[in-house]
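Student: I've got this model open on my screen and I'd like a close look at one part of it, the surroundings of the ligand. Could you walk me through that, and then show me how the rest is laid out?

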Amino acid sequence: MSQDDRDIDKDADQSAGETAAEDRDSAKETEAAAGGEDHVEGKPRADGDSGDSGDSGDSGDSGDSGDSGVAEEPVPVAAAAGGDDGGDVDPDEARMDMELYGLLAEYRSPAELIAAAEKVRDAGYTQWDCYSPFPVHGIDPAMGIKRTILPIIVFIIGLSGLFGGLLLQWWTNAHFWPWLVSGKPFFSLPANIPITFETTVLASVFATFFGMWGLNKLPQVWHPFFRKPRFARATDDKFFIGIEAYDPKFQRGKTEALLTDAGALVVETCYTENSPGRLKLPRPVLAFIIVTTVMALTPVALIGKARVEKAREPHFHLVPNMDFQLKVKPQVQYGLFEDERGSRDYVEGTVARGQLKEDDHFYRGIVNGNQWAQTFPDQVKLDGATMARGQRQFGIYCAPCHGASGHGNGMVHNRVANLQANGQFGKLVAQGWNQPSNLHQDYVVRLPHGQLYNTISNGIRSMRGYAAQLSEDDRWAIVLYVRALQRSVSTASR
Ligand code: HEC
């Protein structure tokens, strides 16, 4: 190979006085030779090194010769293009299914690469690129690469993430399903900041990641220049400029001269298959894509099927847990009984153990058959523990409406009043909202214990009963606490 490299130099020297046609031929020779030999592993490197040392002395010469060659170039090149099919033809060019992809020029150092890139840039080429084993400082301006528009894309998509997040929260919380939580406003910026922040970051990150791939036209797993064994050294110790044939400025001879003139060691012509067949994915890749797509869609399809399908048998259940048990569910047919009903009536004339509730005083607050009890039943211990229990349960079940002090100004009422004052909350106002009673009114203070107990159990007018939430013990404890509360405030208390 060192032999070849020296040939190139010789050719370059001669080209000063010769036609570009010969130039091209010689380049082809090199190509063919390079192609032939580089198949042997390891060889290109060793050879290339020796070639380098040979070149270094002549580099000035070749540059000069290039310069002088350019002046004479234009006319002969056209002729050369036609007369190419002489002896040594690039095997690729000879193939009918190949078309010209571009020119690949090799340079020795980053400095040469930058100098060459500047020339190519100034010549007005657009469809070209530099290839180097490592990032070369100053290559961007040398290539005339403009500042990336990625930040603008990210900004716009980030903004849409911001407003999308706000819209999402407004739509769900304030518009579509306004749900009052602890009297907080339905839509409020401070509360919405965290989610807005997250959606902004999410959108920006996706825009950055995919924008970078898109703008760089990635992923790209193959490139026509890979056909050139020499190009492998772009990952090692050589620097390349590749100009693609579809560049509007591209003229084979002219472009080649430009690259050589810019100090290229070698300029290679690169071909690529033009048959539609090259667009086809290799079969294994195609098979992989199909199989993974089908597999990825299977769970979705199964879920979709399960959602619309009505089946007599339970759906396929991977982890049964305790979902299926031997038991009789309410309202089902059950063969054990004569009338085949799963649900059974209470057995007539019986009461379950401990559920008789015959003590009117304790369970209903009534004594002597029809009078409100003025006293606490014997079951209720009038001590600190009961009082503490009553205070606790009052705080949970009564204070939201009646207020911690019992004046009828609890948080729920205040919220409604606020909304009413602002003209909001039309629906609730239309349904009517009664202010919870002030528990310190004289007549409430004078209610017998039993009647107060009954109010808590069964509710009164627009207030619901709390028998389902509170046990009898707890209801009496609340009565005790309300009495203490009234005594602390009211003059009417006994
Ligand atoms: C959801 C709000 C709300 C809760 C919770 C609530 N109340 Fe009431 N309460 C009301 C309203 C409203 C009234 C007035 C009803 C009316 O006049 O239509 C009322 C009335 C009363 C009265 C007056 C009865 C009368 O004879 O005028 C008492 C006593 C009372 N509540 C006790 C309680 C106790 C004790 C609790 C806790 C177990 C409780 N309330 C929980 C809303 C509530």
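Student: How do the residues of the shell around the ligand divide into nonpolar, polar and charged?

Tutor: Keep in mind that this is a predicted model. The shell around the ligand has 14 nonpolar residues, five polar ones and one charged one. In total, 20 residues surround the ligand, and the closest are Cys-398, Cys-401, Arg-461, Ser-462 and Met-463. Three helices each supply at least two residues of that shell: α14 (399-402), α18 (449-458) and α19 (472-489).

On the α13 side, the contact is made by Thr-386, Met-387, Arg-389, Gly-390, Gln-391, Gln-393 and Phe-394. From α19 come Asp-474, Ala-477, Ile-478, Leu-480, Tyr-481, Val-482 and Ala-484. Sorted by class, this contact of α13 with α19 has eight nonpolar, four polar and two charged residues.

Another helix pair to pick out is α8 (residues 150-176) and α9 (residues 189-215), whose axes come within 7 Å and cross at roughly 150°. With over 145 degrees counting as roughly antiparallel, that angle makes α8 roughly antiparallel to α9. The crossing of α8 and α9 is right-handed. Their contact holds twelve nonpolar, 13 polar and one charged residues.

Now for the sheet. Four strands form an open sheet in the order β2-β3-β1-β4, and the pairing is antiparallel. At the edges sit β2 (128-131) and β4 (266-273), each of which pairs on one side only. On average, neighbouring strands here are turned by 25° against each other, direction ignored. Inside the sheet, β1 (residues 98-107) pairs with β3 (residues 239-244) over six bridges, in the antiparallel sense.

Helix α6 (residues 110-122) lies across β1, β2 and β3, and runs at about 20° to β3. Helix α10 (residues 252-261) lies across β1, β3 and β4, running at about 15° to β1.

Key:
Residues numbered from 1 in each chain as written. Predicted model: local features only at pLDDT ≥ 70, side-chain atom pairs only at ≥ 80, totals over all residues. Near = placed C-beta within 6 Å. Nonpolar A, V, L, I, M, F, W, Y, C, P; charged D, E, K, R; others polar. Pairing = 2+ DSSP bridges. Axes fitted to C-alpha atoms, helices over the stretch in contact; angles between N-to-C directions. Contact = placed C-beta atoms within 7 Å. Parallel < 35°, antiparallel > 145°, perpendicular 65-115°, else oblique. Left-handed = near helix turned anticlockwise from the far one by under 90°.
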